Amino acid sequence: MENKIIYMDNASTTRVLDEVIEAMLPYWKDRFYNPSSVYEMSQQVRVDVENARKKIAMLINANPCEIFFTSCGTESDNWAIKGTANMLKNKGRHIITSTIEHHAVLNSMKALEREGFEITYVNVDSDGFVKLDELKKSIRKDTILISIMTANNEIGTIQPIAKIGEIAHENNVLFHTDAVQGFSHIPIDVKSMGIDMLSVSAHKFNGPKGVGFLYLKKGIRITNFMDGGAQENLKRAGTENVAEIIGMAKAAEIAHEKMKERSEKEIIVRNHLIDRILKEIPHTRLNGGRDNRLPNNVNIGIEYIEGESMLLNLDMLGICASSGSACTSGSLDPSHVLLAIGLPHEKAHGSLRLTIDDTITIQDADYVVDNLKEIVEKLRSMSPLWEDYVRNKK
Ligand code: PLP
């Protein structure tokens with residue numbers, strides 16, 4: 001296995017598929033035209049962009065006119081949340097979200113709090129699922145929006161989206177879901193799931209970085225986030241990122257074609273990783289429930305070690321892993337998601353997130369577990385906390 005890179009950080013970003021690069025290349029070369037110009041070359045590019053929109057719409061059972069291209073998942077989240085708040089502020093100033101959202105959502109909420117909106121952060125249970133009773137109880141007359149993620153980026157829990165959509169609509173409240181981690185891993189049907197707005201980002205499913213989309217149900221009006229030209233039906237200004245839009249549609253198409261087969265493969269390797277780690281490394285636990293979990297997500301709490309040291313040791317062996325979300329790694333604060341599922345600070349520090357794809361084999365998984373066992377043993381042998389634990393046990 002020498003010199004081999006084992007990439008187990010697909011929740012952070014994914015490799016761009018060759019087919020996707022091939023699909024994008026012409027739009028940086030011969031087909032560089034601006035889709036908004038009048039000549040024929042440009043109009044052909046316009047057709048290609050609209051075909052990409054159609055493809056994406058079809059995958060989530062939406063109408064093409066409900067898909068708006070953006071620059072990333074963060075922009076889509078910001079637009080949906082702040083755009084709804086701005087549009088409906090005279091109707092109400094209360095929004096509901098969960099404690100385990102990505103910072104793109106949480107910090108949008110914080111920005112709205114500074115503007116006088118009231119936000120309720122619904123708790124999750126110890127497996128990482130939103131408490132639906134609490135959600136229902138927190139709805140008020142002035143609630144204008146519920147924003148709950150489809151699947152969590154750290155612990156992989158898949159929320160009961162259709163149920164949440166139903167609760168929102170019974171109460172006449174709009175429902176937004178951050179589907180950045182869910183799209184392409186699990187089937188999404190915006191109609192049957194009662195979704196009004198949905199955020200997606202291409203680099204999480206083998207597409208390029210710097211492009212995403214917002215699904216905005218026909219008839220729902222939110223204020224613009226980007227003001228400028230007339231692109232995207234006057235709703236999102238800025239010359240279209242044509243090549244990447246084409247690449248995103250291609251990646252989405254491939255991901256959906258292979259979803260079932262890929263998930264089945266990933267689940268086998270995921271479960272192998274979980275089972276071996278829990279069995280062979282003492283004082284470990286699975287963060288997030290086993291059921292309703294993304295097929296590619298493993299998140300293990302490992303006691304009596306520092307997450308960062310473990311990552312550095314894995315890195316020296318060419319194993320790319322993470323201890324939390326990409327956006328918070330580098331910070332010493334424990335993950336808000338692990339705290340939300342009830343872990344105390346010291347336990348929230350020692351977590352390992354492995355997010356695989358279908359190129360990872362059982363042999364790769366074994367290589368990682370074999371090395372992880374040694375690393376944990378080594379780090380514990382240097383840890384004063386471990387020493388205390390061993391002494392107290394005697
Ligand atoms: N939402 C979730 C759940 C994510 O995991 C991420 C990225 O990690 C984002 C939003 C932000 O997406 P982007 O990197 O495209 O801005």
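1. Let's start with a helix pair: H8 (residues 259-280) packs against H12 (residues 362-381) at an angle of about 20°, their axes 10 Å apart. Axes here are lines fitted to C-alpha atoms, for helices over the stretch in contact, with angles running from 0 to 180 degrees between N-to-C directions. H8 and H12 are therefore roughly parallel to each other (angles under 35 degrees count as roughly parallel, over 145 as roughly antiparallel, 65 to 115 as roughly perpendicular and the rest as oblique).

2. A word on the source: this is a predicted model, where local features need pLDDT of at least 70 and side-chain atom pairs count only at pLDDT 80 or more, while totals for chains, interfaces and linings use all residues. Residues are numbered from 1 along each chain as its sequence is written, and side-chain values use heavy atoms, with hydrogens and water left out.

3. Back to H8, which passes H12 in a right-handed crossing (right-handed if the near helix is turned clockwise from the far one by less than a right angle, left-handed if anticlockwise). From H8, the contact (heavy atoms within 4.5 Å) uses Ile 268, Val 269, His 272, Leu 273, Arg 276, Ile 277 and Glu 280. H12 brings Ile 362, Ala 365, Asp 366, Val 369, Asp 370, Leu 372 and Lys 373. By class that's 8 nonpolar, 1 polar and 5 charged (Ala, Val, Leu, Ile, Met, Phe, Trp, Tyr, Cys and Pro count as nonpolar, Asp, Glu, Lys and Arg as charged, and the others, Gly among them, as polar).

4. H12 also meets H9: their axes come within 10 Å and cross at roughly 135°. That makes H9 oblique to H12, and the crossing is right-handed. Ser 309, Met 310, Asn 313 and Leu 314 of H9 touch Leu 372, Ile 375, Lys 378 and Leu 379 of H12. The tally for H9 with H12 is 5 nonpolar, 2 polar and 1 charged residues.

5. Next, H3 (residues 73-88) and H4 (residues 103-114), with axes 9 Å apart at an angle of about 30°. H3 is therefore roughly parallel to H4, and passes H4 in a right-handed crossing. The H3 side includes Thr 74, Asp 77 and Ile 81, and the H4 side includes Val 105, Met 109 and Leu 112.

6. On to the rings: the structure holds 8 aromatic pairs (rings of Phe, Tyr and Trp, its six-membered ring, with centres within 6.5 Å; planes under 30 degrees apart are stacked, over 60 edge-to-face and the rest tilted). One of them is Tyr 304 with Trp 386, edge-to-face at 5.3 Å centre to centre and 65° between the planes. This pair links distant parts of the chain, 82 residues apart, with Trp 386 in helix H13 (residues 384-393). Elsewhere, ring pairs tie Phe 32, Tyr 33 and Tyr 39 into a cluster.

Definitions and conventions: Helix = DSSP H or I, 4+ residues; strand = E, 2+ residues; numbered from the N terminus.
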